[in-house]
Amino acid sequence: MLNPLRLLLSTLMMALPMLALNSHVYAAESATRASEFKLDNGLQVVVIPDYRAPVVTHMIWYRVGAADEVRGKSGIAHFLEHLMFKSTDKIPVGEFSKIVGRLGGQDNAFTGNDATAYFQRVSKDRLPKMMEMEADRMVNLRLDEKEVLTERDVILEERRSRIDNNPSAELNEQMNAALYLNHPYGVPIIGWYHEIAKLSREDALTFYKHYYAPNNAILVVSGDVTADEVKTMAEATYGKIPANPKIETKRVRPSDPPQIVARQLELKDPRAGNYSFHRDYVTPSYTTAKPGEAEALDLLMKIAASGSTSRLYKKLVVDAKVASSAGGDYSGSGLDSGTISIYAIAADGVPLEKSEALADEVLNDIVKNGVTAAELERAKSSYLADYVYESDNQATLARRYGWNLAVGRTVADVEGWPAAISKVTLDDIKKVAAEYLDVRHSVTGYLLPDKSGVADSSAPEAAGSVVQ
């Protein structure tokens, strides 16, 4: 007689591949997870319940980043992020993070091109205190001249250690500057050294008073809490802050002219460990793309360059053995545009030109012939599995919703992503490849270890050259 348990297990094993292949259908049909509302002062609030543990992640997002800085004041958004941890009338200098720590939580912050965010992860009963502290520093920041100058030195040292002493980071910065002809995305988020060195207390306060206000912010709370609970707490803290009527409802930035010529950079540096090839293309982002384009770009780069099963890796590393590593991705989170990036680290003794030529072969083949149905289905299943796994982390959820809303997308966009990914067709992939894998819209960079002493590591700015 057939064992019922064995029959059940057999049925499940046969069903699992079908479930994996069609996971986008199940994900697309899932119920709305987040709720949202606005306070009277314009603060947008998103709540993502997760009742598995009495813990919450509290994030406040400001719709301002490095790309909103005044020309000549690069780095001020990131500088202010650091200064936000100084003092208010209620919180002594340097005590903000210490208070969070004493309450058993962790906190941090980050600055991007389009948003600045501050967050804490604490037990549920500490959430009112986090809202009180974050609302306090939204409007009551105090900046002592000496503290500002000390923190400016900290930022300068951060830049030296992360950028100026890292040839790969230097090349990336130079490539970014060449990729954007006029748009502020070409300016590094941390800022140019010579401009950071001149930032003042007045610069920080001017930026703070202009952009830090409830009607330019998004509060995201994920974890063991209901929307009603969050609303009550938010109204008692953030709700007391008046809106800033000078906040612009739409961010207007300089735009790039049509890109009509490929750019090439070469950085020689004795500190570089390996020869490497890099290329970046300008593309639309999820915010600016036509319907379905960003999802197609995501899947295109998943197939072309993500991981050891990608076409780029197999061609350059496994088959031709011209590179020890190769890959790439699509970054579509920008307010104004996105990028496609690829790279290859050369195998010993192999010229970078071989990696570049074979990378072009891979991309040109996709432009001409597209990808296969099996490749597309695997890419969809992989992305949707990642979406589900990441949804299990409340901090990741808070970032997912917060970032999308900060660049003008909606809760519906976030939760509709699985369905949008599932709709991408083979023709969609081929179309975006043909339109956006255009070398005229790109910058190519070579990083070359220079043992001749020609490059002076103490003067990194002089080590790069741009050829147009």
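## Crossing of helices α3 and α6

Helix α3 passes helix α6 in a right-handed crossing. The model described here is a predicted one. Helix α3 spans residues 76-83 and helix α6 spans residues 145-164; their axes come within 10 Å and cross at roughly 120 degrees. Because angles of 65 to 115 degrees count as roughly perpendicular, α3 and α6 are classed as oblique to each other.

On the α3 side, the residues that meet the partner helix are H78, F79, H82 and L83. Their counterparts in α6 are V148, E151, R152, V154, I155 and E158.

## Overall composition

The secondary structure of the protein comprises 18 helices and 12 strands. Of its 468 residues, 52% are buried. Among contacts between residues at least 6 apart in sequence, 82% join residues at least 24 apart.

## Packing of helices α11 and α14

Two packed helices are described by the angle between their axes and the distance between the axes. For helix α11 (residues 293-305) and helix α14 (residues 373-390), the angle is about 110 degrees and the axes are 9 Å apart. The two helices, α11 and α14, are therefore roughly perpendicular to each other.

In α11, the contacting residues are D298, L299, K302 and I303. These meet E375, L376, A379, K380, S382, Y383 and D386 in α14. K302 and Y383 also form a charge-over-ring arrangement: the charged end of K302 sits over the ring of Y383, 5.0 Å from the ring centre. A further arrangement of this kind involves K231, which lies over the face of F37 at 5.6 Å from the ring centre.

## Aromatic pairs

The structure holds 15 aromatic pairs. One of them is formed by W61 and F110, whose ring centres are 5.5 Å apart and whose planes stand at 80 degrees, so the pair is edge-to-face.

Y62 counts as buried because its relative accessibility is 0%. Y118 is likewise buried, with a relative accessible area of 0%. Ring pairs join Y62 and Y118 with F85, F96, Y208 and Y212 in a cluster.

V56 is placed in strand β3. With a relative accessibility of 0%, V56 counts as buried. Its C-alpha atom is separated by 6.8 Å from that of V221, although V56 and V221 are 165 residues apart along the chain.

## Helix α9 and its buried residues

Helix α9 (residues 201-211) contains L205. The buried residues in α9 are D203, A204, L205, F207, Y208 and Y211. The buried residues of this helix pack against strand β3, helix α3 and helix α5 (127-139). Y208, one of the buried residues of α9, is also a member of the aromatic cluster that includes Y62.

L205 has a relative accessible area of 13% and is classed as buried, because the limit for that class is under 20%. In sequence, L205 and R142 are 63 residues apart; in space, the C-alpha atoms of L205 and R142 are 9.0 Å apart.

## A positive phi at K321

Most residues other than glycine have a negative phi. In K321, which is not glycine, phi is positive, near 55 degrees. K321 lies in the loop between helix α12 (311-319) and strand β9 (323-331). Because exposed residues are those over 50% relative accessible area, K321, at 55% relative accessibility, counts as exposed.

Conventions
Residues numbered from 1 in each chain as written. Predicted model: local features only at pLDDT ≥ 70, side-chain atom pairs only at ≥ 80, totals over all residues. Heavy atoms only, no water. Phe/Tyr/Trp six-rings, centres within 6.5 Å; stacked < 30°, edge-to-face > 60°. Buried < 20%, exposed > 50% of the residue type's maximum accessible area, 1.4 Å probe, protein only. Lys NZ or Arg CZ within 6 Å of the ring centre and 35° of its normal. Axes fitted to C-alpha atoms, helices over the stretch in contact; angles between N-to-C directions. Helix = DSSP H or I, 4+ residues; strand = E, 2+ residues; numbered from the N terminus. Parallel < 35°, antiparallel > 145°, perpendicular 65-115°, else oblique. Left-handed = near helix turned anticlockwise from the far one by under 90°. Contact = heavy atoms within 4.5 Å.
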